[in-house]
Amino acid sequence: RDGGTSMTGARVGVASVHVTHDKESNRKKLLDVVDDAIGKKVEFLILPESALQGYIFGVQHRIEAEEWLYHDGNAETIPGDFTNRLSDICASGDIVVQCGMTEVSRSLAGALLYDTVVIVGPKGIVGSYRKVHLGGDENHVFQRGNGWKVFDMSFGRVAPFICYDLIFPEAARELTLRGTELLALSTAWPVDNLTGYPTHGLDSQLDLFARARALENQVFLACATLTGPDDKSDRSFYGFSHIVGPSGELLASLRDEEGVIFADLELREEVRRTRYLGHNGLNFVKDRRPDLYETIGDLSVYYEE
């Protein structure tokens, strides 16, 4: 299921997972989650951001040596040990899996770390994507990715993206214009905001952003999140893994519990149907006026003279 376009339907699953900063323990749990998904006959499973090593220690705009040493010491290459193990289970279970991890690229200049998702199928690595939009302490730990990826699966065109990428409508729109039918989001969405700053529904904003991105582009969006308390801070992760249809409708969801949920999706057929029959026949992608969107890519509009 990791190539070609012979079919348009698939059972897509998303997982809410509680992880710690213990890579070996996380690895075992993730492989167990994949086994669970195989038992549910899921064909494409999305796992959360930073699921293998755990997310960064905090978002208070500081970094300590302990944190850098942990991520540097536990980062993996692609391909590497984890992707090899994941490839074996994908081959035996005939499943494609997207999983978040800390990726390392080593050179004479030293180690470069990335907040990455890798997609692995029965035939091995399909591809990977490095997070483009970094926020807060992520800028102290990770390098920014510099491009978008869209992958042709047997059931449709899938684009991975990560957490903060969801906030930016330009990201989802760019992927949509490249033919994406399913936006596959891996995230570590927090419950709480910075200490001393009101939350203002930070948790519920995940649902708001996800449904908006799906609706405005008339595509599917599937979101997998970390859940439960963090072992390196007083922060907790929201959970609420869910799948959204191209009209912005919620198709399946979890609350804060761990587990795998799924929906049977006809990607190509339903995206086309929504664009030509939904919303009074309004096709939001076709009816754009890009000739008039002059300042979207102009950085100078952000800064005062």
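A residue is called buried here when its relative accessible area is under 20%, exposed when that area is over 50%, and partly exposed in between. Keep in mind that you are looking at a predicted model.

**Stop 1: Arg-27 and Glu-76.** Select these two side chains and you will find a salt bridge, with N to O at 3.3 Å. The partners come from distant parts of the chain, 49 residues apart: Arg-27 belongs to helix H1 (residues 23-39), while Glu-76 sits in the loop between helix H2 (65-74) and helix H3 (81-93). Is Glu-76 buried or exposed? With a relative accessible area of 6%, Glu-76 counts as buried, because the cut-off is under 20%. Arg-27 is buried too, at 3%.

**Stop 2: Asp-81.** Asp-81 is partly exposed, with a relative accessibility of 37%.

Stop 3: Now extend the selection to Lys-23, Glu-24 and Arg-85. Together with Arg-27, Glu-76 and Asp-81, they are linked in a network of salt bridges. For context, the whole structure holds 23 salt bridges.

**Stop 4: Arg-130 and Glu-103.** Move on to the strands. Which residue forms a salt bridge with Arg-130? The partner is Glu-103, and the closest N and O atoms lie 3.0 Å apart. Arg-130 is in strand S5 (residues 124-130) and Glu-103 in strand S3 (residues 96-107), so the pair connects parts that are 27 residues apart in sequence. Color the two by accessibility: Glu-103 is buried at 6%, whereas Arg-130 is partly exposed at 31%.

**Stop 5: helix H2.** Finish by selecting the buried residues of H2, which are Glu-67, Tyr-70, His-71, Asp-72 and Asn-74. What covers them? Show H1, S3, strand S4 (110-121) and helix H4 (138-141), which are among the elements covering these buried residues.

Notes: Residues numbered from 1 in each chain as written. Predicted model: local features only at pLDDT ≥ 70, side-chain atom pairs only at ≥ 80, totals over all residues. Heavy atoms only, no water. Salt bridge = Lys/Arg side-chain N within 4 Å of Asp/Glu carboxyl O. Helix = DSSP H or I, 4+ residues; strand = E, 2+ residues; numbered from the N terminus. Buried < 20%, exposed > 50% of the residue type's maximum accessible area, 1.4 Å probe, protein only. Contact = heavy atoms within 4.5 Å.
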